[in-house]
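This briefing concerns the domain layout and the ligand surroundings of the structure shown below.

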Amino acid sequence: MKYFIEDIAGIVKGKLVQQTDNALIEQLLIDSRKLIFPASSLFFAMKGPRRDGHGFLPALYERGVRNFVVSEEVDTAPMPAANILQVKDVLQAMQLLAAHHRKQFSIPVIGITGSNGKTIVKEWLNQLLDDRYSIIRSPRSYNSQIGVPLSVWPMNESHELGIFEAGISQSGEMDKLQKIIQPTIGVFTNIGEAHSEGFLNGRQKVNEKLRLFTHVKALVYCKDAPEINEGVAALYQQINKGGQGAFDIFNWSTVTEATLQILTIYKEAGTTLITALYKDQTISVRIPFTDDASVENAIHCWCVLLHLGVDAKTIDKKMIQLGPVAMRLELKKGTNNCSIINDSYSADLSSFNIALDFLAQQSQHDRKTVILSDILQSGRHEKELYREVAQALAQRGIARLIGIGDKMMQHQANFRLSAIPELAFYPSVESFIHDFHHLVFRDETILLKGARVFELEQIDRLLEQKVHQTVLEIDLNALGHNLRQYQQLLQPATKLMAMVKAFSYGSGSYEIANALQFHKVDYLAVAYADEGVELRRGGINLPIMVMNADPSTFDVLVQYNLEPDLYSPGLLRAFEAFLKRQGIRQFPVHIEFETGMNRLGFSTEELESVLDVLKTDVFTVKSVFSHLAASEDAQHDAFTRQQASLFLSMIATLQEVVAYPFLRHIANTAGIARHPDLQLDMVRLGIGLYGIDSANTHKLELKEVSTLIATIAQIKHLKAGETVSYGRRGVVTHDTTVATIRIGYADGYPRNLSNGIGKMWVKGQLAPVMGTVCMDMVMIDITGIPHVQEGDEVILFGRELPVQQVAHWAQTIPYEMLTGISQRVKRVYFEE
Ligand SMILES: *Cc1c(COP(=O)(O)O)cnc(C)c1O
């Protein structure tokens, strides 16, 4: 299937407003940062709330892109050799193209929707069926209005089965996804909370999701959720107007008769045995998981396999081999100052490209290594496949490739022809490990990418920095989400300074700054020069303001191009003298005004005294700011307004001597949410980025960024009268099960959470702290919580247990809680 730009113009009903040739299009591009193949890419200039793809055209043209889909008139002068296709709606054009492409194939396609479990069911079906069919599936959880077209686009003649997931957030969206996926077999996983995701009620949400199945031949779902069961019945009626039947129903139930009637679910030794009645026969499967969500997901897969005619015995054999699904890409610290991305769960071209993108976004080390197993993608011409892999690696500037597996060995020549400077190949992980001590891994970012069968996690264990098992997980998607939430409150021209002081409120330094740089914030701010230096060393090139500069750090500021906050006449004159001695002029600085916080900043009189210096060209004043003392509190709104008006009048004084423009800013997180009129030229976003609505406005849907997780070291069964921890303060009044958790006050778990005040999230329930919190450990009462084992994870705050709640128990604020987590707790970053 080949598409030339003229074909595409016809398919999307657009107009080629400029045409140079009839180019062959192979890749669809929506994010200019993800460009790999300029000549054959078609760029769709999408419009988001803050970013407009049209603005990227000239830069992409520079980089060799020649084909563009636009919805606005563009200046073609700087792009004389481009093909420009104008349409009404760029997203819709991409969807039309994908739907047209899908129509060219008459293979079975499984379409999956529901509130939870879509990605797991999709990945498991792939694991269960990939030896029978050549499968194309959505990479990761690409299930949106943009993700679905991109997932379907690579479909080609070699594929025998498609598996795609569809997710929606508004009504009307599913009809579009139905046209692109055109599923022949539907799977409805489940329905979560009724009033969520922008729907009025549960029934409306079910009906909307069911729109994916208007043309299926068979539908798999669980009968036990009444809303789904009724919704399916209604859809069936609707389609079955002529009385020929609408689609085959394949449902399951744990309580009543169904196509697959579940009889027992029995958990033992880390596995679950599920037996069921199917066509009057008792059949069973065993899966290597015991949690309820996995059981539900597995039953859905079971139904699909039975529907496809796979025999019960074979299914049982395959189910026990189901493996965990990596829902996300993780970045963690390795030995010798390396960073490691472990994505050793699957190896197909699209997930490989996503992992490479994630690697390319990391700026902390210049040097990048990829350890890659054979790509297991049936149906592709192998030579072509490995040529494409080599090209993608070379385009990304990968310094070293370590290939593992027979196929990698066999296709070495492709890599040797490419521009990858260092290459090594091993037939197996064992042979690599054997050679490991000869290899050097230092100051680099390493991507581990491979199919599960290769067990690259053995390599991960060799490279990983070993520290104690308590981790602070940082959700980089949530960070981006929170940023967008606040951006929505800003005027389009308002700039944003992200506060990354104190290790980005405890969640990391260059890792967070790197993500923010990727999301194109305008400025970063740190408290001390050292923090700025660490960011510069980590490859951050955004402008950085240092709030607490002092004369001992002047040389560092200049060396690393860090911009100090000059807040007093003394500091200003000292820096002036320093710059003059060095012969430096127009150094970027920020000026802070005191308006009522009474922390740092010039008073009106002090400002008058330094106007003579500011008049000269030793400094370039980049911005002038002040800090609000109580922006979150309505009680003090009059005071806030007073601060703002004093600020503006001081600015007027400054403008009399500084004629050039500079940025004015005063609003922090709560200021953004509560005082839209104080946005001025820039805002300073802090705690809100990390998921906390400090103003309690409930206007925003924020996501927890940091989750603190520890593990259970030991479980004890105690009798009434025994005591727990120092001072014997935890008194056992009845038979009690106690778990010892690997965290203590030295990690930043506050000691005043002792004796039942603090609680932790264990297997879906809250378990109170027993006795006093120790330095490195704490005991909790897990009596009555089923299936808890030594080694299990416990959540101290974050997902499931908001940090605001835990901070409240500890009689402190989330700021202190988050920044107090000790640096010995390992940070793990992930992105879905
Ligand atoms: C920390 C800080 C902020 C951010 O405050 P949040 O309440 O976290 O948004 C803004 N400005 C200055 C000067 C700060 O010190």
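How far is an oxygen atom of the ligand from an N or O atom in the side chain of R599? The distance is 3.0 Å. The model is predicted, so that local features need pLDDT of at least 70 and side-chain atom pairs count only at pLDDT 80 or more, while totals for chains, interfaces and linings use all residues. Residues are numbered from 1 along each chain as its sequence is written, and side-chain values use heavy atoms, with hydrogens and water left out.

**Ligand surroundings**

- The residues around the ligand (a heavy atom within 4 Å of it) are M499, K501, Y505, M547, R599, H627, N668, T669, R684, G686, I687 and Y815.
- This shell divides into five nonpolar, four polar and three charged residues; Ala, Val, Leu, Ile, Met, Phe, Trp, Tyr, Cys and Pro count as nonpolar, Asp, Glu, Lys and Arg as charged, and the others, Gly among them, as polar.
- A polar side-chain atom of K501 lies 2.6 Å from an oxygen atom of the ligand.
- For I687, a backbone N or O atom is 2.7 Å from an oxygen atom of the ligand.
- The ligand taken alone exposes 380 Å², and the protein buries 95% of that (Shrake-Rupley method, 1.4 Å probe).

**Domain layout**

- An automatic or database domain assignment supplies the bounds: domain 1 (3-94), domain 2 (105-319), domain 3 (330-465), domain 4 (490-690) and domain 5 (706-831).
- Between the C-alpha centres of domain 1 and domain 3 there are 32 Å.

**Contact between domain 1 and domain 3**

- Five residues from domain 1 and eight residues from domain 3 take part in the contact (heavy atoms within 4.5 Å).
- About 520 Å² is buried between domain 1 and domain 3, with carbon and sulfur atoms giving 56%; buried area is the accessible area (1.4 Å probe) that two parts lose on being put together, summed over both.
- K34, I36 and F37 supply 87% of the area that domain 1 buries against domain 3, more than any other three residues.
- The side of domain 1 that touches domain 3 has three nonpolar, no polar and two charged residues.
- Between domain 1 and domain 3 there are zero salt bridges (a side-chain nitrogen of Lys or Arg within 4 Å of a carboxyl oxygen of Asp or Glu).

Notes
Polar contact = N/O pair within 3.5 Å; in protein donor to acceptor, adjacent residues only side chain to side chain.
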